[in-house]
Amino acid sequence: MRSGLDGGGRSSVRAMRVTNRVFQRSVQAKRCHGSRSQWSRRRSIRAHVSVQTEVSVVVPVYNEVDNLRVLVGRIAEGMQTMDIPYEMVFVDDGSDDGSKEVLHQLATELDNLRVVVFRRNYGQTAGLAAGFQRARGKTVVTLDADLQNDPADIPRLVRELESGGPDGKGFDMVCGWRKDRKDNALVRNLPSRLANRLIRTATGVSIQDTGCSLKAFRSWVTKSLELYGELHRFLPMMAAMNGATVSEIEVAHSKRHSGVSKYSALGRIPRVLSDLMIILYRRWYFDRPMHFWAAIGMVYVAGGVVFGIIGKVAATAHPQGQLSVLLGCVASCAWAVHSGLVFVGIGLILDIGMRIYYRMEGSSHFQVQEEYGCASRRT
């Protein structure tokens, strides 16, 4: 054994000791004089190898150039209180105001920021879908980039997700509730409350504020969601359909300080109603469509029989009376309703066909132009 350290063996030991001393000195030099950001990046990479990312913060971005640096700082402040490994996934949805350039600069400065850039504007749902696909955390948190959501609420959402509820077992999804919303009462708040009430009544999921972007999910929930169109407003309902337990807590809300809102209250009404039809159909009849269409068919058959009987009686009792005109109007209304339902049915069929297409082709409904950031290089 002693002879094993002679010659080359002793030289190897001495070389290892010298290497360790050189490394220790270099670390001390970096702490004293070197780049603090480079040392932090190296330390973060080593930590990432041994510790799994706990929280992924997904942020869709569209023309929010003045808010990005402030938002990143506030997310860092909020996550600092939790003292756990986390990452940020920012998805630029075709911005043309310089947001992409700011995100690129931030990605060079931060070691836990990943940036995904779309080729054009696809909408918030596509941004969330891209972020969910790339999130690696056990918990996924979403919020808007307009600074109206407060990142300081993230720890509260995560705690409710992990240990909330009467039994302390937590939930699968926790939604933020903007109880004291700081938007225009007539243009934004009133239509939102009416829409939320309609959605609660129709779906049976008792969430007060489905439109609040500040939400927390267990990772399996985000992986189970099939997002397209503008279904981001129905995430709690879609999660509940997949068997997730859903809760909500009150969160802070602020006025927009810079930039402009991307949504119109009146423009959202028809889209919300059509998406609600899709959600209801998927919830109750997606795996048994004949029950839905057969029920409609039977209603029309019964209506036709009733109208036929009424028309026969009216023609017998008043062969030249005005009742025939009234029956003609009723028949016209019935035909209009029937035509509307036919178009709804066509829309549902096309929606199902689109989902089958994307699933069979293995493609997505958005195109990514580029991805960058230290997080993407570690994949």
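I take buried to mean under 20% relative accessible area, exposed over 50%, and partly exposed in between, with a 1.4 Å probe and protein chains only. I looked up leucine 147 under that rule: the residue is buried, at a relative accessible area of 7%.

**Ground rules.** I am working with a predicted model, in which local features need pLDDT of at least 70 and side-chain atom pairs count only at pLDDT 80 or more, while totals for chains, interfaces and linings use all residues. Residues are numbered from 1 along each chain as its sequence is written, and side-chain values use heavy atoms, with hydrogens and water left out.

**Confidence.** I checked pLDDT, the predictor's confidence in each residue from 0 to 100. The chain averages 77, and 69% of the residues score at least 70. Residues 1–50 stay under 50, and the model has 19 contacts beyond four places in sequence for them; a contact is heavy atoms within 4.5 Å. Residues 375–379 are also below 50, with 12 contacts beyond near neighbours in sequence.

**Whole chain.** I find 13 helices and 8 strands, taken as DSSP runs (helices H or I, at least four residues; strands E, at least two) numbered from the N terminus. Of the 379 residues, 38% count as buried. Among contacts with a separation of 6 or more, 79% join residues 24 or more positions apart.

**Cores.** I define a nonpolar core as a set of buried Ala, Val, Leu, Ile, Met, Phe, Trp, Tyr and Cys residues joined through side-chain atoms within 4.5 Å. The largest has 37 residues, of which Phe118, Phe132, Leu227 and Phe234 touch the most other members. Elements giving two or more residues to this core include strand 2 (86–92), helix 5 (124–134) and helix 10 (265–284). Another core, of 36 residues, lies apart from it, and Leu147 and Val102 are among its members.

**Helix 5.** I count 10 of its 11 residues as buried. Phe132 is one of these buried residues, and so is Gly131. Leaving aside neighbours within four places in sequence, phenylalanine 132 is in contact with residues including Val58, Phe217 and Leu227.

**Valine 89.** I placed this residue in strand 2. Valine 89 is buried, with a relative accessible area of 0%. Beyond four places in sequence, its contacts are Val57, Val58, Val59, Arg114 and Gly131. Proline 60 is 29 residues away in sequence and 8.4 Å away in space, C-alpha to C-alpha.

**Helix 4.** I list Ser99, Val102, Leu103, Leu106 and Ala107 as its buried residues. Seen down the helix axis, these fall within an arc of 140°, so they line one face of helix 4; the arc is that of the directions from the helix axis to the C-beta atoms.

**Asparagine 112.** I find this residue in the loop between helix 4 (99–109) and strand 3 (113–118). Its relative accessibility is 12%, so asparagine 112 counts as buried. Its side chain makes a polar contact with that of tyrosine 86, at 3.5 Å. Such a contact is a pair of N or O atoms within 3.5 Å; within protein, one must be able to donate a hydrogen and the other to accept it, and residues adjacent in sequence count only if both atoms are side-chain atoms.

**Positive phi.** Most residues other than glycine have a negative phi. I noted a positive value of about 70° at leucine 147, in the loop between strand 4 (139–142) and helix 6 (154–163). Asparagine 63 has a phi near 55°.
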